[in-house]
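Q: Could you take me through a close look at one loop of this protein, and show how it sits in the chain as a whole?

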Amino acid sequence: LIPPYRPSILIFLGRILVSLNKHGGTSSRLTMIVRSVLLALVWRASAGVGASVASEEEPQPTLLRGGRALQSPPPSNLRHVACGRGVDGEGGLTSCPEGDSLLADVESLHEVRCCRDGAASGWMQRCAEDYAGVFARSNIEGLCHEVNFADAYALCGASGGRMCTAAEIFGSCASGTGCRWDRELVWTCGEAGDACGDGSSCCSGRCGAGGECSPWPSNRAVNPGFEEISLSPWYSNSDDAAAALTLDSSHSHSGSQSVLSIGRTASWNGVQQNMFGKIEVGVAYRYSCWVKLKNASSSFFKLSLQIVKDTGTEKPGASKTVSGTTWTKLERIMTISTTGTLTDVTISVEGPAAGVEYWVD
């Protein structure tokens with residue numbers, strides 16, 4: 001049916017149906033069949049008219065970013081979860097109580113199993129032949145985890161691995177790796193370049209036009225690796241002159257420099273950057289940094305995002321207890337909700353007790 005003529009066809013079909021109702025009677029099987037077919041056609045035509053009106057007479061508003069119309073949809077807030085065992089010995093899916101696979105909201109809680117390419121201590125090879133080089137584990141940092149997608153992604157990255165793809169889970173890559181997750185639904189996603197049908201298959205939540213997962217957006221922080229000749233636009237979040245930040249070329253996780261935080265008089269003292277106008281509400285971003293202790297054997301750290309709105313202030317973040325003198329990664333995917341009006345947002349590293357010195361990269 002061509003959209004401009006749908007209303008007239010709808011009227012014509014309706015008149016025929018009225019005529020049948022008046023003269024057809026209920027005894028004629030042919031009349032009843034014709035009436036049923038026409039009812040179906042009327043429903044299809046009316047559905048077409050509704051869609052045409054919505055798209056032609058009531059166009060949806062154009063979203064703008066930086067004065068330009070958005071050319072791609074926002075990232076999906078859904079990800080695939082799949083039955084931890086994968087397939088049985090005969091190639092059939094082994095049902096979990098909740099089903100073999102589902103689409104889950106990124107804020108819902110599901111079990112974590114991680115994959116990596118290549119062998120490493122603590123990782124097991126369980127895959128079918130198609131994924132012979134993939135190793136997996138369920139016990140991460142000595143614990144079994146049931147968390148949201150962001151935390152699951154961060155856990156896998158911090159453990160030296162990545163999220164398993166749905167195909168790898170179905171291929172039994174993580175079967176029998178512990179935590180009794182074989183009959184639980186575990187998080188899955190594909191990294192940049194993996195095949196996808198929509199954003200829910202991708203870690204970034206974005207599936208490109210070519211049917212491949214898109215990478216995470218470019219870094220929104222300025223001077224993220226402290227490689228410039230000055231700290232700007234980073235600054236100390238303390239007014240105490242003793243709490244200082246200094247560029248240090250003797251220690252770095254990557255590149256040639258890091259920042260050293262010294263003279264701290266409170267746990268919240270640390271390096272900070274204002275991100276207002278650089279990130280958007282309703283969009284998922286991955287926040288991460290590397291930290292290293294200088295004068296303590298162990299300490300609590302938090303990579304914080306302070307969000308200020310007309311409805312109040314909140315401070316979510318990625319936290320971890322860091323031990324030893326090696327670089328440790330803090331990472332979390334966070335989305336600022338669209339509720340309320342955003343008035344300010346900053347990112348900072350904090351947590352250790354007063355007097356504890358540390359590097360950030």
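A: Let's start with a term: accessible areas here come from the Shrake-Rupley method with a 1.4 Å probe, and for residues only the protein chains shown count as cover. By that method, the accessible surface of the protein chain comes to about 18,700 Å², and 54% of that surface belongs to carbon and sulfur atoms. This is a predicted model, in which local features need pLDDT of at least 70, side-chain atom pairs count only at pLDDT 80 or more, and totals for chains, interfaces and linings use all residues. Residues are numbered from 1 along each chain as its sequence is written, and side-chain values use heavy atoms, leaving out hydrogens and water.

The protein chain has four helices and 21 strands; these are DSSP runs numbered from the N terminus, with helices being H or I of at least four residues and strands E of at least two.

Now to the loop between α4 (166-170) and β10 (185-187), where Ser175 lies. Gly171 has its place in that loop too. Buried means under 20% relative accessible area, with exposed over 50% and partly exposed in between (1.4 Å probe, protein chains only). Gly171 is buried, because its relative accessible area is 10%. Ser175 is buried as well, with 18%.

What do they touch? A contact means heavy atoms within 4.5 Å. Leaving aside residues up to four places away in sequence, Gly171 touches Cys127, Ala128 and Tyr131, while Ser175 touches Gly84, Arg85, Arg113, Arg126 and Asp182. Gly171 and Asp130 are 41 residues apart in sequence, yet 7.9 Å apart in space, C-alpha to C-alpha.
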